[in-house]
Number of protein chains: 2
Amino acid sequence: MSADEVRLARAYLLRVAEPPAPALFAFVERAGPVVAAARVRAGDVPAAVRDETSARCEHDLAEGDLARADAVGARLVVPEDPEWPGWPLLCLANASGRGLRWATPPLALWVRGSASLDDVLTRSVAVVGARSATSYGEHVATEFGYGLAEQSFTVVSGAAHGIDGAAHRGALAAGGNTIAVMACGVDVPYPASHSALLARIARDGAIVSEYPPSATPAKYRFLVRNRLIAAMGAGTVVVEAGVRSGARNTAASAAALGKVVLAVPGPVESAMSRGCHELLRTGAATLVSTVPEVLEAVGQVGDLAPTTTSPKRPTDGLGDQAIRVHDALSVRTARGPDQIATESGVPLDRVRALLPELELTGLAHHTEEGWRRPRT
Amino acid sequence: MSADEVRLARAYLLRVAEPPAPALFAFVERAGPVVAAARVRAGDVPAAVRDETSARCEHDLAEGDLARADAVGARLVVPEDPEWPGWPLLCLANASGRGLRWATPPLALWVRGSASLDDVLTRSVAVVGARSATSYGEHVATEFGYGLAEQSFTVVSGAAHGIDGAAHRGALAAGGNTIAVMACGVDVPYPASHSALLARIARDGAIVSEYPPSATPAKYRFLVRNRLIAAMGAGTVVVEAGVRSGARNTAASAAALGKVVLAVPGPVESAMSRGCHELLRTGAATLVSTVPEVLEAVGQVGDLAPTTTSPKRPTDGLGDQAIRVHDALSVRTARGPDQIATESGVPLDRVRALLPELELTGLAHHTEEGWRRPRT
């Protein structure tokens, strides 16, 4: 069977059932897409598949969908294509195999943009968050998007207002790859105020959806879409999230898919950080405050993350007694060893031994009148 | 032997060795304070004790110290006193028993203030943080101090600039108990700009120190003092801390003493939150953003912490198909069941069954023209 037949069959199947459709997915896996499509059309399917497909099985708009996609420079990427991101999406197959029906993999993906899906998802992180983000959240999301893109990581998000948009913009500003996963058709500019942003993402990255061209967004679809965002990143960073938030749903999906979940903290009185703090407090997410920490957590480039080293102090490495002797020295007044012994509580013979040691490292200064601490 | 003898002996012993003095502590435990003091004075002690005491053993200022304390309304509280906070300090004895020499318990405590130590430390939390705190950090510390005091918790801190001072002030503002543990004598107003604050703490709470009256603070003493702050709270809350910070030392001490360590998050770009974020990131601390969360973590009043409940939505509790049917309804346009079935991908017979259910709960509205979603 030809590649065109497969593409037509999967275009039909994508529209005939509302994702996720676990019974249809399993049926396609068994029968293959072309036979599966023909049997769904004919109503010759097991009851569970009929349940998922009966409402729309007579609507065969596959050719129209492919034409409409083509008109906006989009294409249907199917699992049979070399660019199918099989590795990132494997977590969905595994999770649905464990009985998580929501995790059913997509039957195919509409893609608008020139990037090869497989390529751009080799190194990728999802950055998500509240639509009603604060300026703090948008700032952090932009910085993270920029920093990840600079390190050649693809930034996956949902093109929504607030955090999503800021993350995409940051990645674009760094000249990096970014992928917007939609809850509507790849040709639908949603939200409308992001038309220009979406056009830039389509040009420099990719807009991805399992919904056919011109499909409108629906609440339910955002939740279903979130599993794809979670699957497409090596980890998911939640930048800001209210107590009830789609971003927390994405975080929960990511966790269930075995992905790293990360959250950015913020001021405790910010309602938009409450979701992140809850994720951190319950141990559902790991705290990240910088891009190197994100990279360290997703574990692909551990050596990029600088270990937080405290600035060195001259007294580092001194023993207790040496520190006490050093503390007992004055910058202004010279003191004798006996006075230093009394001040510090260190035995006189130890004081006599320690003072020259401190002098060697520049921490004590010997004068005619006695010992001083050098000015720093 | 009289109580006065014991008090004189412990006043002498507190000054003769720089705390923590593990060998002296063990010697006092074995010989008792009066005999131990006499033998230290005479130099008739094991080598390890001599090492800790030889520099100052001839300085017997005990009577003078007690008189000076009395002059400022302070007293020496000894383990033989009923108000000795044996329970909170037990963690120090346990930790030093496990070989942590820094955890050696105090030989006695100078106390300025009328509060009974044992009483006020029954329910207590340490609140600590950076001296160079931000206004955000000081605000949170004040709120936490206030909120903890309101719940009859004693706020233990170190009277330093920044977070410490704010925590004390919050507790005082709530009319609660607060304890300042000093790295100098209880009569030394350090920092000088906190003279008025310290006077209020002495009046309404207590100033506590193991250093004799008029002892001056030294770097080393702050670290040694921190173990007492950590020991005196059921948990330690770090509000703000730089990467290198005394508050992190207190947090580490608290952890080693088996206490709960809590940290307050803040903006990721704030240098003063970096220490807190590091504690959270590495799992060394649990995130807290409210006083009820602190109380829940210290585990004394779990029922005070409200479980974070999401606001109820009318669609809560609906199944997938019902949510999809609800999503497919329009506020503006009435739709027929077949159209809704196509939109939602839910089989027509299920749509016909679900619509009346949604109508019952006010989520769908039946008109002459078809089904709509009611305006909310």
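This is a predicted model: local features need pLDDT of at least 70, side-chain atom pairs count only at pLDDT 80 or more; totals for chains, interfaces and linings use all residues.
Student: What percentage of the contact residues of chain B recur in chain A?

Tutor: Start with the contact itself, which takes 40 residues from chain B and 40 residues from chain A. The same surface serves both copies, and the share of chain B's contact residues that recur in chain A is 100%.

Student: Which element gives the largest share of the side of chain B that touches chain A?

Tutor: The contact takes 40 residues from chain B. Several elements of chain B each supply at least two residues of that side, among them α8 (135-150), α11 (219-232) and α13 (274-281). The largest share is four residues, and it comes from α13(B).

Student: Where do the buried residues of α16(A) lie around its axis?

Tutor: In helix α16 (residues 337-344) of chain A, the buried residues are Ile340(A), Ala341(A), Glu343(A) and Ser344(A). They cover an arc of only 165 degrees around the axis, so they lie on the same side of α16(A). Their cover includes α15 (320-328), α17 (348-360) and β11 (370-372) of chain A.

Student: Now for a strand. How many of the residues of β3(A) are buried?

Tutor: Look at the two faces of β3(A) in turn. On one side Ser124(A), Ala126(A) and Val128(A) are buried, and on the other Val125(A) and Val127(A) are buried. The strand, residues 124-128, is mostly covered, and its buried residues number five of five.

Student: What is the bridge partner of Val125(A) in β4(A)?

Tutor: β3(A) pairs with strand β4 (residues 154-157) of chain A in the parallel sense, over three bridges. In β4(A), the partner of Val125(A) is Val155(A).

Student: Which residues have the most contacts inside the largest nonpolar core?

Tutor: Take one example from chain A, where Val238(A) touches residues including Val128(A), Ala247(A) and Leu279(A). The largest nonpolar core has 220 residues, and those with the most contacts inside it are Val238(A) and Val238(B).

How values were computed. Residues are numbered from 1 along each chain as its sequence is written. Chains are lettered from A and ligands numbered from 1 in the order in which they are written. A nonpolar core is a set of buried Ala, Val, Leu, Ile, Met, Phe, Trp, Tyr and Cys residues joined through C-beta atoms within 7 Å. A residue is buried if 20 or more other C-beta atoms lie within 10 Å of its own, exposed if 12 or fewer, and partly exposed in between; C-beta atoms are placed from the backbone. Two residues are in contact if their C-beta atoms, placed from the backbone, lie within 7 Å. The arc is that of the directions from the helix axis to the C-beta atoms. Two strands pair if DSSP finds at least two bridges between them. Lists of a residue's contacts leave out its neighbours within four places in sequence.
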